[in-house]
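Hi there,

Here is the structure I promised to pass on.

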Amino acid sequence: MSESTTAPGAQRTTLLRGGEVHSPADPFATAMVIERGHVAWVGSEGAADAFADGVDEVVHLEGALVTPAFTDAHVHTTATGLALTGLDLSEAGTLSDALRLVRDHSTAHPADKVLLGHGWDAARWPERRHPSRAELDAATGGRPLYLTRIDVHSAVVTTALLDLVPEVTGLPGYRPDEPLTAAAHHAVRAAAHEAVSPAQRAAAQRAALEHAASLGIGTLHECAGPDISDEEDFTALLAQAAEGTGPRVVGYWAERIADAKGAQRIRELGAVGAAGDLFVDGSLGSHTACLHAPYADADADAHTGSAHLDVATVTAHVVACTEAGLQAGFHAIGDAALTTVTQGMRAAAELVGLNRVRAARHRVEHAEMLTPETIAAFAEFGLTASVQPAFDAAWGGDEGMYAERLGVERARTLNPFAALLRAGVPLALGSDSPVTPLDPWGTVRAAAFHRTPEHRISVRAAFTAHTRGGWRAAGRDDAGVLVPGAPADYAVWRTEELVVQAPDDRVARWSTDPRSGTPGLPDLTPGRELPHCLRTVVSGRTVFNRPNE
């Protein structure tokens, strides 16, 4: 990709030409004009000549693909940056490997008040167990260590960190030499995060935003809240994003509200909703997702997970948000948790009216263990399902962690993306990074090649849910697509031949016929190389440019 620049300025007009522009305005477009941060024109190479002399910059795409920039609809930015710059155990293949990485990290960071790490997953290790406190004490030389499981819903810690929170042994979720969950986990997490300096936090946030930009991500939905981070972390991230040097950040603050005063406080923080990870339950990996029937592999008989909110609490929050014109949302994974959410929505609709609830575009994060009844309720109440297809890629299948926790039959019902789309439920795709990595094309692939074939959706549908779907989830219908008037948020990709992939081969064959006018996308068949991002642009500003391209 090459470019020529003639007149740099605050409001630059750019012509991109000689590539493939993914746009419903013109399925055969090869060129695009950007003016004042918005798409001004999309069309053919021949017509582009008329614009060439009147622009400030011409970008010669040399066959590259241009698409809308991705929106990751569920991210924990600071935690992502700390994982990128610190101790990341997600690639550790054994418990021994994990302990070696802990030792190495402790040795390399002698000045850190608390060692922070993330990503262990005992379900993938041959030892099939978590690190013991004694092993972590030895690996760190007795220093404070906070080490979250891959799902961030439980953590193992050292004795030195427990000593900083002496009340933890009396809190729910504390069991000697077992991963901490619930209130005990939240208490040690708060103590660990207090040790992160403002400079460390800013560096972690910057690293996460830069990494996202390098992957063609133009917008992140930050899912923060008092049980996850703190207000200072949240407002600092929004301030850094507002500088305009990286991706946009749409902030959600997961705190229950009861009235207009509470809604105003959410807005004053800079959040667009009292939503995100407002926990109705926990996670399947940590045995804390709330189920109607017991876990298949739990130590205790009839263990069905943890319920953090009841129907009345959900109802009150939805009513307060709806009346204040604020988006509400919840974290709900297990089938019992999702029943609680939908029953709460129904009660709220009876109080304030169905149309008002639907207009508010409330959302549910994860929504993994849906039933036909809860899917129908999502459609009825206009709920957006903010989902993470990489969860299925990591833990789905008959031999995966989900099958261990639930049994094969229940596990096969998880993440039913096709059923959601058939019911008319809007999807917004994300990663829940650092739970699974920022990886937009990998996310689209995971949705299109779901481990349970009946839940697969087309690449085009998944791509739309990961671009336009994220904007719609935040209340914007005019973005996430390259048409005149839309924000100029786009990415340029080096990729191979474009195709149309769908679960039904008849659709795929027709859609590749030129008469169908369906824009192509990269071939995401498992095993094929994913596209490489060459440039990411947000509101007409370049936030990433790959060197030597």
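Searching the whole structure, which is a predicted model, turns up 23 salt bridges.

Let me start with glutamate 57 and arginine 535, whose side chains form a salt bridge with an N to O distance of 3.9 Å. Glutamate 57 belongs to strand β6 (residues 57-60) and arginine 535 to strand β23 (residues 532-538), so this pair ties together parts that lie 478 residues apart in sequence. Are the two residues buried or exposed? Both glutamate 57 and arginine 535 are buried.

Next come aspartate 489 and arginine 248, also joined by a salt bridge, with 2.7 Å between the closest N and O atoms. Aspartate 489 sits in the loop between α20 (468-473) and β20 (490-494), while arginine 248 is in strand β14 (residues 248-253), so here the parts tied together are 241 residues apart in sequence. As for accessibility, aspartate 489 has a relative value of 6% and therefore counts as buried. Arginine 248, in contrast, has a relative accessible area of 26%, so it is partly exposed; the cut-off for buried is under 20%.

Then there is the salt bridge between the side chains of arginine 528 and glutamate 496, at 2.6 Å from N to O. Both partners are in loops: arginine 528 in the one between β22 (521-522) and β23, and glutamate 496 in the one between β20 and β21 (498-499). The pair links distant parts of the chain, 32 residues apart. With a relative accessible area of 36%, arginine 528 is partly exposed.

You will find valine 168 in the loop between α5 (159-164) and α6 (182-194). Its relative accessibility is 1%, so valine 168 counts as buried. What is valine 168 in contact with, once neighbours within four places in sequence are left aside? The contacts are Leu162, Tyr174, Ala184 and Val188. The C-alpha atom of valine 168 is also 6.8 Å from the C-alpha atom of alanine 187, and these two residues are 19 residues apart along the chain.

Happy browsing, and do write back with your thoughts.

Best wishes

Definitions and conventions
Residues are numbered from 1 along each chain as its sequence is written. This is a predicted model: local features need pLDDT of at least 70, side-chain atom pairs count only at pLDDT 80 or more; totals for chains, interfaces and linings use all residues. Side-chain values use heavy atoms; hydrogens and water are left out. Helices (H or I, at least four residues) and strands (E, at least two) are DSSP runs, numbered from the N terminus. Buried means under 20% relative accessible area, exposed over 50%, partly exposed in between (1.4 Å probe, protein chains only). Contact means heavy atoms within 4.5 Å. A salt bridge is a side-chain nitrogen of Lys or Arg within 4 Å of a carboxyl oxygen of Asp or Glu.
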